[in-house]
Amino acid sequence: MVKIICEGDDDKSFIRQLLQHLKKEEVIPSNIVNFDSYIQSMKGKSNLLDSEKYLTIEKQIGKKIDKVLFIFDCDYIEDDNRCGGLEKSKECIENLIKQLDWSIEVDYYIFNKNLDYFIIDTLDKKDNFEDCESCFRLKELNKNRKILTCIYKTLYPKKPYDFSHKNFNDIKKKLVNLFKVESL
Amino acid sequence: MDNYLKSINIKDFKCFKNFEANGFKRVNLIGGKNNVGKTAFMEACYTNISSTNIDKMWTVISSIKFRRNNLEYLGEVFNLDTMKKDFESLAVINISSNLNISEFRLLNNNGKKEYKFKINNKEIIININDFSYNIERDKKIQFIDNFGLTNSELKDMFEAVQKKDKEEVLYSYINEFDSNIVNFKIIGGDKPQCKVDGEYRDINEFGDGLKHYISIICSLYACANGYLFIDEIDNGIHWTQLDKIWEIILKISKEQNVQLFATTHSKECIESYGRISKKFEEKDISFIELGQKNKKIESIIYESDEVIEQIYQNQEIRGW
């Protein structure tokens, strides 16, 4: 089977919904059920990038798990973090993959800044929401834009994401590729 | 504990070829898809633990064959020849563990048939015409198959409860399972009966789950300082009783020093196992996931915290 490794429960929930969309679009196999079982949350970026945290998954590699896709946020370059920003995040994940040395196919996808930032970029009412964000100075409260995505989800619970937006293309491509040879 | 089976290497036994697993704990639950070899894995462990001499090895293999084929045996006459035929059908057994080495091979040299046994450091070759054996069974090693215990077997297990003065404990567990039942006795030699509404009724008049539940509790006492194997542990048990069963198993297996192996297909059973282990902070447990890769059987053994984490994350651990 395949495994998607992400940072936390919000990412897990987002990936689950994206997979449901891809199943509906018939671009991933229709016999895949219980999406949660394909997604493992590492409870934070520092855990995700720490090779010591993979003891349980390591037991499954090569036996049960044939392909892995890491999905995580790059966060901000100015963060006091050795893996903050896109370039440093890429460097960290590539080092991790090297350290893990799993003899299976491993790939990664990094969100620009973070999941909430990424999602806001795909909203059809993006400008209105950004006006709201600056009016209430929401970034001063939380620069990760979590508040804004929460407001959006509360207002439009039936349409939390617009998966047809072009910004989703790259992650969709990675997921379709992940499930390509999967036979359950 | 020193007497526990901790690792096993099954070079040859039924569907297993060059299979290795280690990290078994006091209580071990086994999951996997149909026909992956969950029961055969337990039978290999059972054979290896039991086979401390030829009689015991022959007895355990015969009992495994009998259990698997018992419906076909109905009405047949049992004799040594039937047993030999069954035993020979396995042709090769080669299992080693941290406890024992158990090997059997049928040799055929130009029509001269011989049995070759290797048990720990002893190797014996016997012409099959000269072979005979005595039934020798270690009572502290029991295997409850998916048909459950017979009345006679349950009677033997209940004797252990009586010898340990644990009848009251058993009655209270039975009462928690079904509050209408106030007592349990073996009446008329080998008839397990439960008391309901002031009257003793044959256990077979109740649901299969009750007999299975009582069998598990009694067997735990009978296997003190030994081993208990249970195939399809949740057979006939309603999901609301699973937490109770695991609580009992964790408690008595610790108190009586019993190593337990059990199989299941049920997600509810695995979740209950994780939940109760967490509740009682029990670390001496494992979950053994069996699966196949390129037609070879492989295992993944999860420790206590890993089982809980896999369940919490809704990960699939019932085989691949």
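Here are some questions and answers about how the descriptions of this predicted model follow from their cut-offs.

Residues are numbered from 1 along each chain as its sequence is written, while chains are lettered from A in the order in which they are written. Because the model is predicted, local features need pLDDT of at least 70 and side-chain atom pairs count only at pLDDT 80 or more, whereas totals for chains, interfaces and linings use all residues.

Q: Why are α7(B) and α8(B) called oblique to each other?
A: The axes of α7 (residues 242-256) and α8 (residues 267-279) of chain B cross at roughly 50 degrees and come within 9 Å. Axes are lines fitted to C-alpha atoms, for helices over the stretch in contact, with angles from 0 to 180 degrees between N-to-C directions. Angles under 35 degrees count as roughly parallel, over 145 as roughly antiparallel, 65 to 115 as roughly perpendicular and the rest as oblique. The pair is therefore oblique.

Q: Which residues of α7(B) and α8(B) meet?
A: Among them are Trp246(B) and Leu250(B) in α7(B), and Tyr273(B) and Ile276(B) in α8(B); contact here asks for C-beta atoms, placed from the backbone, within 7 Å. By class this contact has 6 nonpolar, 2 polar and 4 charged residues. Ala, Val, Leu, Ile, Met, Phe, Trp, Tyr, Cys and Pro count as nonpolar, Asp, Glu, Lys and Arg as charged, and the others, Gly among them, as polar.

Q: How many residues does each chain bring to the contact between A and B?
A: Chain A brings 11 residues and chain B brings 12 residues. On the side of chain A, α3(A) gives the most, with 3 residues. That side has 1 nonpolar, 6 polar and 4 charged residues.

Q: Why is Asn110(B) called exposed?
A: Asn110(B) has 4 C-beta neighbours inside 10 Å, so it counts as exposed. The cut-offs for other C-beta atoms within 10 Å, all placed from the backbone, are 20 or more for buried, 12 or fewer for exposed, and partly exposed in between. Asn110(B) sits in the loop between β5 (101-109) and β6 (112-119) of chain B, with a positive phi of about 50 degrees although it is not a glycine.

Q: What makes Lys43(A) partly exposed?
A: Lys43(A) has 14 other C-beta atoms within 10 Å, so it is partly exposed. Lys43(A) lies in the loop between β2 and α2 (45-48) of chain A, and its phi is near 60 degrees, a positive value in a residue other than glycine.

Methods:
Two residues are in contact if their C-beta atoms, placed from the backbone, lie within 7 Å. Helices (H or I, at least four residues) and strands (E, at least two) are DSSP runs, numbered from the N terminus.
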